[in-house]
Amino acid sequence: MCGIIGIASNKSVSVNIINALKKLEYRGYDSAGLATITNGEINEKKCPGRVEKLEKILFQNPSEGNLGIGHVRWATHGVPNEVNAHPHSSEIVSVVHNGIIENSDELKRVLEKSGKVFKSQTDTEVITVLLTEKLKNLDPLNAVFETLDMLRGSFALGIIFKNFKDFVIGARRGSPLAVGYSSNENYLGSDSYALKAMTNKISYLDDGDLCVISKNEVKFFNSKKDKINKEIFTLSEDKSQASKGNYKNFMIKEIFEQPITAKTCLKEYIDKIRGEINFYNLPVDPKKINKIALIGCGTAYHSCLIAKYWLEEFTSLSVETDIASEFRYRKVRFDKNTLYLFVSQSGETADTYAALELCKKENVKTCSVVNVVESSIARNSDCVLPIHAGPEIGVASTKAFIGQMLVLYLLSLKISEIRNDIDRKEYKNKINELKKIPSLLSESLKQEEKIQIIAKDIYKSNGSMFLGRGFSFPIALEGALKLKELSYLHAEGYPAGEMKHGPLALIEDGLPVVVIAPKDKYFEKTLSNMQEVIARGGKVLLLTNSGGKVISENIRFQIDLPESDITLTPFLFTIPLQLLSYHVALFKKCDIDKPRNLAKSVTVE
Ligand code: AGP
């Protein structure tokens with residue numbers, strides 16, 4: 001889960017490498033580095049910390065050279081320090097790597113026995129050592145092929161050579177890699193987003209491919225060493241290019257963008273004239289399936305959980321949900337009458353991608369709900385349903401979650417309509433209610449001031465709990481995930497009805513407990529669970545939409561959200577939870593857009 005970049009040019013490359021690395025920081029930000037060929041030598045510079053720090057190092061001591069590679073790291077093997085940062089270079093070769101070499105320990109032991117010395121704790125360095133050996137007898141291309149044959153795992157590589165100053169070699173085994181084209185300059189990158197500022201002409205490597213990038217030419221080879229051609233895609237102009245505008249950070253901008261995100265998404269899927277939901281390219285006839293399986297990780301998994309409730313509410317289908325890292329290793333009984341639905345903001349999450357690949361091998365129909373339409377998951381599924389949220393930069397997913405829920409809600413409704421599970425009038429009525437979402441989200445955002453007061457009250461706590469039933473249970477999970485991810489405050493999400501089966505033991509005087517209780521069929525039951533918490537000293541924050549009524553004097557805080565169709569409450573109740581985690585994190589002076597130990601795109605297992 002790192003970011004790699006490579007550039008071959010007729011001019012100095014280090015500034016462009018730094019700029020591309022800044023874009024790749026969403027993949028990892030615990031160290032950064034680059035290597036150029038300067039005056040015929042490999043010139044490596046690296047440091048723990050952000051790309052900004054590397055930029056300062058370069059400012060004081062520039063790296064000249066028309067060929068180079070760069071890297072941002074999210075540590076897997078070895079702590080984030082200068083030695084473990086990439087590139088990993090010998091005198092004749094320099095390597096950047098994304099992913100994991102699973103047999104690195106094994107290879108290292110053999111190499112050490114033959115006298116090789118390792119400087120770092122990384123798995124990457126075995127590649128450098130192996131290549132250095134192979135280059136004694138082989139040309140670079142064959143040395144890379146032979147080295148790749150010895151490696152196990154899922155990874156992408158960028159490599160430069162002291163004695164071959166004209167090209168960068170890129171290789172893909174499981175982790176994504178893109179190639180970009182410009183005049184007198186060509187690029188290698190972990191994704192097209194990093195290359196977008198330099199070019200909109202992109203090709204993608206497939207698994208097993210290798211590429212040789214020089215300033216005027218790009219050659220591609222498959223794993224059998226055959227020369228192959230690649231399609232060149234023209235990327236769409238992204239007018240909403242990520243900038244913070246007047247906001248303090250990306251996360252709060254993205255939170256406040258949500259009414260617009262929702263509007264854009266609804267416009268894409270609801271026909272303005274007929275008021276119908278359009279899904280033209282579903283890979284199966286919804287009348288012919290009997291089950292839907294929803295698969296994702298983290299926040300994306302939570303949107304799958306909510307969709308389960310919607311699909312069960314609107315259709316007669318069976319629904320299963322799975323965390324991708326579990327699904328990929330379970331003994332799943334694949335079924336031709338099931339639609340396998342993958343949800344991922346980035347479209348590059350390694351576990352979700354592996355689960356998709358598994359489905360492809362089993363020849364079952366797949367569909368993906370993604371934000372990045374050029375992503376590996378999007379390109380490899382039978383049908384893509386974009387969420388149209390625009391770039392999401394904050395590591396904590398906010399507007400993408402709203403987008404995922406919207407697409408899944410629309411899909412649930414459409415499937416129920418096609419299968420005649422819902423009557424036409426109810427279907428139309430639900431669409432009309434759904435169209436109110438952008439303005440209802442704006443209303444919910446008005447609670448920010450109150451939430452700031454609550455955040456101030458709870459930010460010094462040692463833990464917290466989030467409770468809900470029905471649609472509000474996955475929202476409780478998401479609220480807890482957001483709080484722990486951003487503020488490092490321990491947070492547990494539970495179905496409110498489960499409390500007495502164990503978690504109630506955690507309640508003590510002053511423990512913040514967020515109770516999510518819209519006026520739905522669970523309302524009274526959730527309030528009973530809330531009273532059990534209050535009776536044990538819990539400090540309750542109640543989120544409800546009961547029309548401003550004071551529900552109990554023992555509630556520490558109450559937030560009243562706008563009323564809506566009951567199936568739409570997950571959208572509105574998400575907003576105060578996002579704001580709460582944001583403000584708690586601000587009080588705790590946490591790094592909002594780049595929480596510790598995390599990365600935006602999790603491209604390792
Ligand atoms: C969300 O706030 C998290 N950063 C994380 O759980 C994320 O949703 C997860 O890693 C899945 O990412 P994806 O949507 O890009 O697949």
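Does Thr122 count as buried or exposed, and at what relative accessibility? At 2% relative accessibility, Thr122 counts as buried (under 20% relative accessible area; 1.4 Å probe, protein chains only). The model is predicted, so local features need pLDDT of at least 70 and side-chain atom pairs pLDDT 80 or more, while totals for chains, interfaces and linings use all residues. Residues are numbered from 1 along each chain as its sequence is written, and side-chain values use heavy atoms, without hydrogens or water.

Thr122 sits in the loop between α3 (104-113) and α4 (125-134). Its side chain makes a polar contact of 2.7 Å with that of Ser120 (a pair of N or O atoms within 3.5 Å, one able to donate a hydrogen and the other to accept it). A polar side-chain atom of Thr122 also lies 3.3 Å from the backbone nitrogen of Glu125. Beyond four places in sequence, Thr122 is in contact (heavy atoms within 4.5 Å) with Arg73, His77, Asn84, His88 and Lys108.

Two helix pairs were examined. Helix α9 (residues 298-314) packs with helix α17 (residues 472-487) at about 170°, with axes 9 Å apart. The pair is therefore roughly antiparallel (angles over 145 degrees). Residues of α9 in this contact include His302, Leu305 and Tyr309; those of α17 include Phe473, Leu477 and Leu481.

Helix α13 (residues 399-418) and helix α19 (residues 569-587) pack at about 175°, with axes 10 Å apart. This makes α13 roughly antiparallel to α19. Phe401, Ile402, Met405, Leu406 and Tyr409 of α13 meet Pro570, Phe571 and Thr574 of α19.

Conventions: Axes fitted to C-alpha atoms, helices over the stretch in contact; angles between N-to-C directions. Helix = DSSP H or I, 4+ residues; strand = E, 2+ residues; numbered from the N terminus. Parallel < 35°, antiparallel > 145°, perpendicular 65-115°, else oblique. Buried < 20%, exposed > 50% of the residue type's maximum accessible area, 1.4 Å probe, protein only.
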